[in-house]
Amino acid sequence: MANNNQRKLPKFNIFWMYGLIILALLMFYYWQNNEVSQPVSWTQFESWVQKGGVTSITVYTNKNTAEAVLSDSLAKEMFKGKQYAPTPGTPTKMVTHIPSSDKFDEKVEQWRQKGVFKGDVKYDQASDFSMAFWTFGPIVLLVLLWFFLLKRMNGGAGGGGGIFNVGKSKARLFDKDNANKVTFRDVAGLAEAKVEIAEIVDFLKNPKHYTELGGKIPKGALLVGPPGTGKTLLAKAVAGEADVPFFSMSGSDFVEMFVGVGASRVRDLFRQAKEKAPCIVFIDEIDAVGRARGNKANLGGNDERESTLNQLLTEMDGFGSNSGVIILAATNRADILDKALLRAGRFDRQIYVELPELSDRKEIFQVHLRDVKTDGSVDLDLLSRQTPGFSGADIANVCNEAALIAARHKKQAVQRQDFMDAIDRIVGGLEKRSKVITDEERRSIAVHEAGHATVSWHLRYGDPLIKVTIVPRGKALGAAWYMPEERQIEPKQALLDKICSLMAGRVAEDMFMGFIDTGALNDLERATKIAYAMVTYYGMSDKLPNISYYDTSGDAYGFTKPYSENRAQTIDEEVQHIIDSQYERARQILDQYQQGHHQLAELLQQREVIYTEDAERIFGPRQWQSRTEEILKENAADSSAEEHVVGNGDDAASVTPPPFEQNESSNH
């Protein structure tokens, strides 16, 4: 029990000292204010003593002053008629300057003989503490308050010490003995990035093998890729595989409100790294400090950031001996980094960490499902194909959300349907069956979504249908969800088929409802963007063939459009021609298969969700089969038994996009 009490004792904090000092000063202040001291002349002092009522006198020989303590009656008479009068019992004194101690002794003897003074006389040395306190005390308090505020603003300034450590690096050190060490086994996918990054591991493990041949170990590598692709995890895996210390710091940690602090932290970071060499220094989100200089007038606002960048460039330039220190940095904005930072000799390599491909996503699912209890219904191949465009962080979120959904339904294991619902939840948001929709709106949504499904089913490059729903989810009222084939290049006909499929919803409304509404907003936006890209980027226009106005350099020189007004008019005409031709093409397909469209729309209104097998039963097998559709057919028997239950809240399987959108999985 004694040990438990000892553990509960609070730890000493430097702020206790500040509190004690302030408390002592307050106590001294109140003690001083409990006395009333009245300065008088020597003549007044002598006259008041002769009236009697002086109880004691203290003589301060070093200042030739005398301090007499008055009785209550004499104090009342002294302060009679004045605004302030001491309360009875409050010590009241009068102070005067005496000629000398010898002459004062003679006066005291005369007072004793007359009987007007019978008290004690003390001789003492006056202290200067009181005067010094009231002179310098406020300054001391302000200094203590300043230190306290600086310590709070800097969050400890790198681990304690307040303002004295404000220039110290905030980098966190992960030693090789760290219990949470990450290795390449924890990084799924990223096969190409691993090959490049594995060489850095070999540099750190066997540096002599390279230096003996005259080679130099690369000083830095820049990891570039979209958010959530595993750049930070890959950097930690390098440190874990190389078994060396790992300094981790964010680019924003260098920037501080004080001038010169960022450069000081850079120097301190490299000093620590040299002491721990061989080691790895990882700077996450380096664009916070490495943004290109001189692009805009900074008006004094970016001076601190630029000085920090200059110091970083100097440290990485090789003037000092940074042997055994490798700099890794990560960013998703490599286009805005300063060119001096990207040159060889600083960041010798740029490693691109892209969104995972199909095989990579399967490996990522395997990693994140290690600790998830699943049953035999979970098909990793199907999950991988249903999550194109998902990053590693997105897949981790899918696995976690599926486990939460299974736990919500009191299941013993996470099933395939839970993963489908998790993808629906992440893409479209929560299901909203309470949203009020009129019968006319409900029919319009069903006709619209059935139009997308019908046209897409009969197109050569139409994406395989997974499901169509009119169940509101998030901000959407309905969606058709497809599983596109992952292609590295898109043929022209594939883009035209995509535009045709997007226009099908508006065409179906016009043909079968007799009016159009705002439900096609997102479809029109996406179709227009594709058409403009075909004309201005890909050179797929009949009137403007083989011309691209796409700028990959990022240096636009302020041009809003690098073409004339006549050319702009031609571009608009070509875009309108593409949209009109695909609109008419969708109308022809719907006119040919309007009976099947009506069956799909009626089925949607009845069941709210339809699937691949429903479209195949109505239209027959698609003429163009893909590997994706083969997998969908393999899972159709199992999925139909579970997914047709759409009236029980979270059991409804429907993925919806933003409002009035036909969502395609590639646009996650």
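Student: Does Glu285 count as buried, partly exposed or exposed?

Tutor: Glu285 has 34% relative accessibility, in a predicted model where local features need pLDDT of at least 70, side-chain atom pairs pLDDT 80 or more, and totals for chains, interfaces and linings use all residues. Residues are numbered from 1 along each chain as its sequence is written; side-chain values use heavy atoms, without hydrogens and water. Buried means under 20% relative accessible area, exposed over 50%, with the middle class in between (1.4 Å probe, protein chains only). So Glu285 is partly exposed.

Student: What is the phi of Glu285?

Tutor: Glu285 lies in the loop between strand 9 (279-284) and helix 11 (287-290). Helices (H or I, at least four residues) and strands (E, at least two) are DSSP runs, numbered from the N terminus. Glu285 is not glycine, yet its phi is positive, near 50°.

Student: What relative accessible area does Lys410 have?

Tutor: Lys410 sits in the loop between helix 16 (392-408) and helix 17 (416-428). Its phi is positive too, about 60°, although it is not a glycine. Lys410 is exposed, at 70%.

Student: Which strands stand at the edges of the open sheet of three strands?

Tutor: The order is 13-12-14, with antiparallel pairing (at least two DSSP bridges between two strands). Two strands have a single partner each, so one side of each lacks a neighbour in the sheet. These are strand 13 (479-482) and strand 14 (609-611).

Student: Which residue in strand 13 is the bridge partner of Leu465?

Tutor: Strand 12 (residues 465-469) and strand 13 run antiparallel, joined by four bridges. In strand 13, Leu465 is partnered by Tyr482.
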